[in-house]
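Subject: Structure handover

Hello,

Here is the structure I promised to pass on. Please open it before you read the notes below.

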Amino acid sequence: SQADGGEKKSQRLIVVSNRLPVTISKDANGEYHFKMSSGGLVSALSGCKKTMEFTWIGWPGKYIPVEDRDHVNDRLLKEYNCFPVYLNDDLADKHYNGFSNSILWPLFHYHPGEMNFDAAHWLAYREANMRFAEVVSNFCQSGDMVWVQDYHLMLLPMLLRSMISGESAQGEMVRKELGRVKEGVDDEVVKDVLGMQPGVAQAVEHTDEGVEMLDDVEEDGELLQMKARRPHFPRGLSTFQKQEIAAKEKGKDGIRIGFFLHTPFPSSEIYRVLPVRREILLGVLQCDLIGFHTYDYARHFLSSCTRILGLQTQPNGIEFEGRYAQVGTYPIGIEPMQFVEGLQQEKVQKRLKALETRFQGCKVIIGVDRLDYIKGIPQKLHALEVFLTQHPEWIGKVVLVQLAIPSRQDVEEYQNLRACVNELVGRINGRFGTVEFMPIHYLHKSVSFEELTAMYALADACLVTSTRDGMNLVAYEYISSQSQRHGSMVLSEFAGAAQSLNGSILINPWDTQSTADAIHSALEMGPEQRKSNWEKLFNYVSKYTAEAWGTTFVNELTRLSGLPPNGPAG
Ligand code: ADQ
């Protein structure tokens with residue numbers, strides 16, 4: 001069980017991500033099984049779990065029949081601190097494959113050509129974000145911290161604010177468009193009064209304390225009518241102040257919302273291509289803290305707010321409707337000790353020995369990527385081809401082991417990439433290979449942690465050629481596994497990691513010649529230089545860990561009041 005027992009922790013943290021870190025399966029006897037995954041975010045939050053009462057809200061990745069949900073929900077919450085948002089398959093597909101991965105993902109990675117804008121996908125994105133907002137708003141209480149993760153949920157902060165207070169004009173508009181607010185209800189009232197629950201305004205009455213109305217509220221599948229009251233606000237209050245007063249009525253004031261983007265935020269010149277560029281920015285501006293991996297992404301976000309919304313920004317944030325959304329840089333990391341300790345395991349050591357024997361007399365370059373067009377795998381293969389052409393003395397003396405984890409195979413661009421990589425590998429192996437020797441060992445599959453660690457430890461160099469990448473944790477993992485060999489890290493300057501990993505050989509993956517040259521220098525670099533590079537790199541990786549990232553962000557969020565640094569404007 002993952003649930004934390006022990007003493008009562010007062011501060012509650014609710015993490016929201018598209019996917020819950022639990023995989024659910026049902027066996028032939030109809031019994032449910034749960035498996036906690038060990039992704040980067042899971043370890044990143046381990047620090048926060050120690051000091052806070054922690055719940056994770058997200059889509060369980062699978063349709064669960066309504067009659068099974070009580071049982072599933074109960075176990076998820078009790079054993080894993082998880083709470084599900086159910087989406088039907090069609091909605092999940094359009095939200096995830098459609099809008100998130102076919103529109104935002106390519107655009108944020110400077111691939112506007114791959115972007116397929118489709119109004120139905122946009123609608124699904126809003127609907128899915130709304131479902132998340134409904135679940136989160138039911139769940140949260142006064143003083144909670146809600147930390148929203150990544151590009152799948154960029155409307156959630158705004159929708160959540162609007163649900164917990166009714167005081168967000170944009171949020172109310174979206175809710176109305178999604179049919180959460182009954183047609184024909186007076187617009188002013190719709191804007192003014194909405195329950196914290198997925199409700200439909202029914203009747204309105206003006207009283208001394210404010211406007212009273214009945215909301216149809218669905219609770220545990222039952223339709224209840226609940227009274228919601230919106231107070232009279234004194235004149236001259238900012239939206240932020242009204243939000244807090246209205247939320248207090250519902251026991252939901254002082255809720256801090258944070259958002260972290262794991263991808264790059266592109267230059268405003270690329271971002272403005274997005275047909276719904278305003279809505280997405282407004283979606284996150286209702287946060288108290290907005291975090292990015294690098295200073296450049298934060299800067300791009302702020303300049304998009306200026307250019308597209310006409311807002312004035314400060315270097316560390318932006319005032320919007322009386323709330324100050326602080327914008328900052330929080331570079332993520334990994335838990336390097338998992339790799340350091342993993343490497344000590346007997347099984348891994350045995351595997352490493354076997355691999356060393358297999359590749360004796362031959363240097364190994366490792367590539368580990370999700371099979372995604374942002375990872376620059378074709379560029380990597382081209383560079384290797386140029387290198388082998390110009391340095392035939394290395395043919396038979398170096399191999400590239402490229403692990404490519406299958407990813408988003410329902411999206412057409414990923415199918416095209418798969419075919420392209422298959423063809424390139426075949427061609428280059430045909431050109432330089434013999435019956436005994438293949439320059440590229442290409443594995444289109446996910447490998448176990450033990451195998452991955454052994455491969456990282458074996459490799460004399462690691463090659464990351466992303467054309468854009470929020471951070472890139474493969475570089476961190478490789479460095480953590482190189483305490484013996486001190487291999488060279490060849491890293492694309494377009495990965496966020498390039499800003500931090502001083503001691504790497506930086507490359508522009510579009511420049512095939514200089515990437516080929518970098519492969520050459522990585523292979524020929526002397527042991528002293530490699531050692532000194534590795535020490536710098538490992539020092540950084542051990543300091544800026546995943547846990548440090550999570551704790552720093554959450555501590556900062558705890559500190560914020562929502563007010564502008566110089567008090568409320570006006
Ligand atoms: P990703 O695009 O998934 O993450 P990355 O940070 O490199 O990219 O993480 C990939 C993970 O998948 C690594 O932990 C790696 O070990 C694992 N992996 C890859 N191929 C594998 C294989 N064949 N078998 C087993 N495991 C494999 C997004 C952003 C990144 C950002 C992270 C975290 O795109 O830029 O660094 O989120 O914010």
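The notes below go from the whole chain to single residues.

**Ground rules**

This is a predicted model: local features need pLDDT of at least 70, side-chain atom pairs count only at pLDDT 80 or more, and totals for chains, interfaces and linings use all residues. Residues are numbered from 1 along each chain as its sequence is written.

**The chain**

The chain has 21 helices and 20 strands. Helices (H or I, at least four residues) and strands (E, at least two) are DSSP runs, numbered from the N terminus. Of the 570 residues, 46% are buried. A residue is buried if 20 or more other C-beta atoms lie within 10 Å of its own, exposed if 12 or fewer, and partly exposed in between, with C-beta atoms placed from the backbone.

Two residues are in contact if their C-beta atoms, placed from the backbone, lie within 7 Å.

**The core**

In soluble globular proteins, nonpolar side chains tend to be buried together. Here the largest nonpolar core has 146 residues. Such a core is a set of buried Ala, Val, Leu, Ile, Met, Phe, Trp, Tyr and Cys residues joined through C-beta atoms within 7 Å. Val 16, Val 146, Cys 462, Ala 475 and Val 490 have the most contacts inside this core. Helix H4 (residues 89–108) gives the largest share of the core, 8 residues.

Look at Cys 462. Beyond its neighbours within four places in sequence, Cys 462 is in contact with Ile 366, Ala 475, Tyr 478, Gly 487, Met 489 and Val 490.

**The ligand shell**

There are 19 residues around the ligand. Near means that a residue's C-beta atom, placed from the backbone, lies within 6 Å of the molecule or strand in question. His 262, Ile 405, Gly 470, Met 471 and Leu 473 come nearest to the ligand. Strand S15 (363–370), strand S16 (398–405) and helix H18 (474–480) each supply at least two residues of the shell. S15 gives the largest share, 3 residues.

By class, the shell has 9 nonpolar, 6 polar and 4 charged residues. Ala, Val, Leu, Ile, Met, Phe, Trp, Tyr, Cys and Pro count as nonpolar, Asp, Glu, Lys and Arg as charged, and the others, Gly among them, as polar.

**A covered helix**

Helix H17 (residues 449–458) is mostly covered, with 7 of its 10 residues buried. The buried ones are Leu 452, Thr 453, Ala 454, Met 455, Tyr 456, Ala 457 and Leu 458. Their cover includes helix H13 (336–344), helix H14 (346–358), S15, S16 and H18.

**Two partners for H6**

The axes of helix H6 (residues 156–165) and helix H7 (residues 169–177) come within 8 Å and cross at roughly 90°. Axes are lines fitted to C-alpha atoms, for helices over the stretch in contact, and angles run from 0 to 180 degrees between N-to-C directions. H6 and H7 are therefore roughly perpendicular to each other. H6 brings Met 158, Leu 159, Arg 161 and Ser 162 to this contact, and H7 brings Gln 170, Gly 171, Glu 172, Val 174 and Arg 175. That makes 3 nonpolar, 3 polar and 3 charged residues.

H6 also meets helix H9 (residues 239–249): their axes come within 7 Å and cross at roughly 55°. H6 and H9 are therefore oblique to each other. Angles under 35 degrees count as roughly parallel, over 145 as roughly antiparallel, 65 to 115 as roughly perpendicular and the rest as oblique. Arg 161, Ile 164 and Ser 165 of H6 touch Gln 243, Ala 246 and Ala 247 of H9.

**Residues to look up**

Most residues other than glycine have a negative phi. Glu 321 has a positive one, near 50°. Glu 321 sits in the loop between strand S13 (317–320) and strand S14 (323–329). It counts as buried, with 20 C-beta neighbours inside 10 Å. His 486 also has a positive phi, near 55°. His 486 is in the loop between H18 and strand S19 (488–492).

Ser 43 is found in helix H1 (residues 40–44). Ser 43 is partly exposed, with 18 other C-beta atoms within 10 Å.

Best wishes
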